[in-house]
Structure formats: structure tokens, C-alpha cells
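We then turn to the ligand.

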Amino acid sequence: MTAKALTTAAGDPTRPQYHFSAPANWINDPNGLVYYDGEYHLFYQYHPGGYAVGELYADPLRWGPMHWGHAVSTDLVHWQHLPVALTPDSAPGAAPVRGMAFSGSAVVDWNDSAGLRRGSEPALVAIYTLADSEGGEAQRQAIAWSEDRGRSWTKYAGNPVLPNPGIPDFRDPKVFWHAPSGRWVMVLAAGPCMQIHTSPDLRRWTHASDFTVDQGIDGAPWECPDLFELPVENAPGERRWVMLVSMVGHGILGGGWNTQYFVGDFDGERFVPEAPQGPLLWLDHGRDHYAGVTWNEHPGNDHERVLIGWMSNWGYEQAVPATTFRNAMTLPRVLRLRRCADGIRLFSRPLPALAGLRAPVPLCHAADVRVTPGCTLLDGLREDCVEIVAEFALDADTGATGFGLRLRQGPGTELVVGYDVATAEVFVDRSRAGYAFPGDDGRRHPAPLAAEDGRIRLHVFLDRASVEVFANDGAVTLTDSFFTAPDALGMALYADGGEVRLLSLDIHALGSIHG
Ligand code: FRU
């Protein structure tokens, strides 16, 4: 095979209409999330093509020499695509590929601590991992900076700023300013552990501590850390730190790739999780939410963090159907902490600005309806880009063993978002929604969810090839992609084995973010 020509995703029927996707080609993790001068920057792992070494890396729809793709937004909903920001150190066509730009973060160096600034603008500094395609992949950390709002980047001549200490997996630096200690902090994935380093100037780093927990997973690498502080929204005066850890191949249900979180304290050098952690805490219970990290400098930083993740899974990411682009980002979500009966938990809510995509007139509004098997309330609705807010009563009157929504219905196909009363689980079931994902054995993707005040609330975002469920105010979320027939557009409410009371239902058509 020779190198494929560049493609364009415009007009591709599987292209998300309101999730971020690249104009073409392969993407994975979000990188360098930073807000500066009215713009949110989203960089991302990107394979633009042009780096083929014979057959190797010939297909830009697959993972290859990693660049940082780039887009900016003023509202985190609409994106302007910009040229590639960071390229590998070696030239196109060279083998092996040296200094690929793996995942990392970006900060605004307000006080010019690194001494990189030449003009009056503070430098945006990207801190990222250099990785080679051969030779033990000695992963090491580098910096690059921009003084023109991220439009052009200069690689620091003194790279690497953190050389490899002999650890094969040593990557994905998340850097932030820690005001109480007056230093930069870097959280770095280092095998089955997160290392914490500190620095006065982004150039000289000191190893401060390690964070790991025994998950019984044979040393599988951790990836894509994040560490941030939030107030506990229902406990005035209380604050906690949250550590995010994306787990290689040891996700929910024993396999797959998912992101765990830990709640604890951080003193500028050491993260200590609250004990006991109890059951593992997952950022999202679906199969397609990985490598999620939060924005630095977000204007609402004090009480919330905005996170975006990669909407795919390393179990099948290169196999999923693709002709012009492959993989997308999740919706940005707002993270907050709440004290619950079993401890302090992360709540994920959809970004409020997404409401701006709603069509002026709702497709459906209903209140106090008894949903029975064979419910016809949504007959005639045929949609693939909608937001659905449905509130069900779970009380002594509920005779149904399960209830919810059947989406993307066609002959013999459907995507189910439902609640199982016996197991007290909300779930997404894509096993009859067209494409069979390799290694995903057709089981439902469930998440435990207790009723709150006798209610189960499902807030669902359906796009052309993905569904995101925020249940009970974001106590639990599920993100899954799917590929089904473009004309399978039917939808229905269902109740199995009896009735359930639907307290309210609102369905909004959502517009496209592609001009
Ligand atoms: C996670 C990851 C990162 C790495 C990047 C390479 O998805 O494996 O650890 O930096 O992807 O593209």
C-alpha cells in the first residue's frame, strides 16, 4: 500500500455533528488544554500522514507518528481548526521516527518563570512527551512555547527537560501552577504509578513522590494523569483533590480502557487518597471514554473543572469503520465534587453551553405519562442528533422490570439506554446497533445507580455515532460509540413487564457545529 491521499471528513455520514472531530485522519488523546485570552485551546494526538516509512505509517486513518493537532473555541462547543502545532523531531519519511509528540499539557507562564518570553505576551508553554518509533522508546519530557496565542511554536533547545530514568512507560505530563508552594507541579505516568515532580521554572524538575495503589493488575501502565482541587459543593468550606488515572487494558468488566479517579489531599508534593477507597471509582462507565483531562486556566476554575476525553477505546480503535476520519472527542463536561452517603464523589454534568445547540422548538414535551409495554408516545420521531431529558419515578407503583429508551431503531436494530430495576443499573446496550465491536462481547455496559428521591433521571446526548448518558445529575455517566445504518432513526420509550411512571420528558433536536 502507498501513502493514502489526505481525505476530508466533510460529508462523511458517521461524522459527529456536535462532538469535536478532526477535519480528517486519525486522532487520539486531547492534549494541551488551556484557556488564554478568550480562547480554549484543544490540541490532540494526530496523524496527518506524510511520514510513511514503506508500509509503516502509510495509512493516516491509523495511529502513526504523533503530532499535536490544534483547534480553538470561545465556547467549548464550536471549534476553529488551526494548523498542526507540534511535529516529530525527525523529518517526514525518516526512519526511525524520532521525537514524536505524545500527550501532554499546556500552561500560561504569567510570570515568565521559564525566561522564554521575548515580547510582551506571556508564553504559552506546552509540556509533552518525546517518543521514538524504535530503540526502546525512551520517553522523555520536553517543552515548546508560543508567544502568539498558540499559532506558532518553538521547541526549547534544552530538551528534554526531564530525561528518561530507565522506565519504559514515562509519559503524559500534566503540569499546573500550585499557588501555595509557588511552584509548578507535574504529574507523570511512570509505569503502574504516577510520579509527582516540582519545578520553579518548567525547565528544572525535582522528583517529589510517587502515587500508586495495588489494583492487582500486574503492573499495567497508567496513562494520562490529571490532578486538581475542587470544593465539595454540598459541604461548605471543604475541598479535596482529585487524581485521574487512565488504566491500560484494565477497565470496567476486567478489560478495555477506562479512567479511574481517586479523591484525596495534595500538599504540593504528595497525593494521599482518602481511605478506604471502597469500590473503584470510574470517571465514566461506557467503553468509549479514555484519556480525559481538564482545562488549565478555565475561567470557572475555582469551583469546577471542564474535562474532555477521547471517545474511543484502545481495544478496537484502529478497527472501527472509517473512510475519512477516525475517532472523536467526548462532549466537554463540568466536574464537581459532592459528598454522598458513601464518600465524596465526582459528578459530571454536560457543559451548559451545549443548550445553545437546541432547535428553538422542542421535538417532544410530555409530563406524567404511564409508560407501558408497547408505548407509542414517540412513534413517528426519526432522529440521530438529539438531547433527551427523561425523569422516571421508581416507587412502589413501578411494575416494570426495566425501562428506558430505544434509539436508532431500524429493521432488527436498536441502541438501548435503559434502567434495570432488579440490578439497580443504568446501561447502554449497543449489541444490536449495527457494527460489532471486536472484543466487546455484546454485554450491556452497566453502571450502578440508586434512585434519588425515588427518581431515575436520564440525560442523553445522541450524535450520529455516539451516545452519552448523564444519569441522576451526573452521579454516573456512560459514553459509547456505535455504527449503525444511517436510516435507522426510529425511537421509542419502553417498559418491560409492567408500567413505569414518566414524570417528564423533553427531546430537543441539536444543530450541527459544522458551519
Ligand atoms: C493514551 C496514550 C498516551 C500516549 C498517547 C500516544 O491514549 O497511549 O499514553 O501519550 O496515547 O498517542
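Arg 370 is partly exposed, with a relative accessible area of 43%. (Buried means under 20% relative accessible area, exposed over 50%, partly exposed in between, with a 1.4 Å probe and protein chains only.) This is a predicted model: local features need pLDDT of at least 70, side-chain atom pairs count only at pLDDT 80 or more, and totals for chains, interfaces and linings use all residues. Residues are numbered from 1 along each chain as its sequence is written, and side-chain values use heavy atoms, with hydrogens and water left out.

Arg 370 forms a salt bridge with Glu 499, and their closest N and O atoms are 3.1 Å apart. A salt bridge here is a side-chain nitrogen of Lys or Arg within 4 Å of a carboxyl oxygen of Asp or Glu. The pair links distant parts of the chain, 129 residues apart: Arg 370 sits in strand β22 (residues 364–371), Glu 499 in the loop between β31 (490–496) and β32 (500–509). Strands (E, at least two residues) are DSSP runs, numbered from the N terminus. Glu 499 is also partly exposed, at 30%.

Asp 284 and Arg 333 meet in a salt bridge of 3.0 Å, N to O. Asp 284 lies in the loop between β16 (271–273) and β17 (290–294) and Arg 333 in strand β20, so the pair ties together parts 49 residues apart in sequence. Asp 284 has 1% relative accessibility and counts as buried. Arg 333 is buried too, at 0%.

Glu 233 and Arg 338 form another salt bridge, at 2.9 Å. Both residues belong to a network of salt bridges that also links Glu 304, Arg 336, Arg 349 and Asp 473. The count comes to 40 salt bridges.

What surrounds the ligand? Of the 13 residues around the ligand, Asp 29, Gln 45, Arg 171, Asp 172 and Trp 314 come nearest; a residue counts if one of its heavy atoms lies within 4 Å. The shell divides into six nonpolar, three polar and four charged residues. (Ala, Val, Leu, Ile, Met, Phe, Trp, Tyr, Cys and Pro count as nonpolar, Asp, Glu, Lys and Arg as charged, and the others, Gly among them, as polar.) A polar side-chain atom of Asp 29 lies 2.7 Å from a ligand oxygen atom. For Arg 171, a polar side-chain atom lies 2.6 Å from an oxygen atom of the ligand. Taken alone the ligand exposes 320 Å², and the protein buries 95% of that; accessible areas come from the Shrake-Rupley method with a 1.4 Å probe, and for residues only the protein chains shown count as cover.

Technical notes:
Polar contact = N/O pair within 3.5 Å; in protein donor to acceptor, adjacent residues only side chain to side chain. Helix = DSSP H or I, 4+ residues; strand = E, 2+ residues; numbered from the N terminus.
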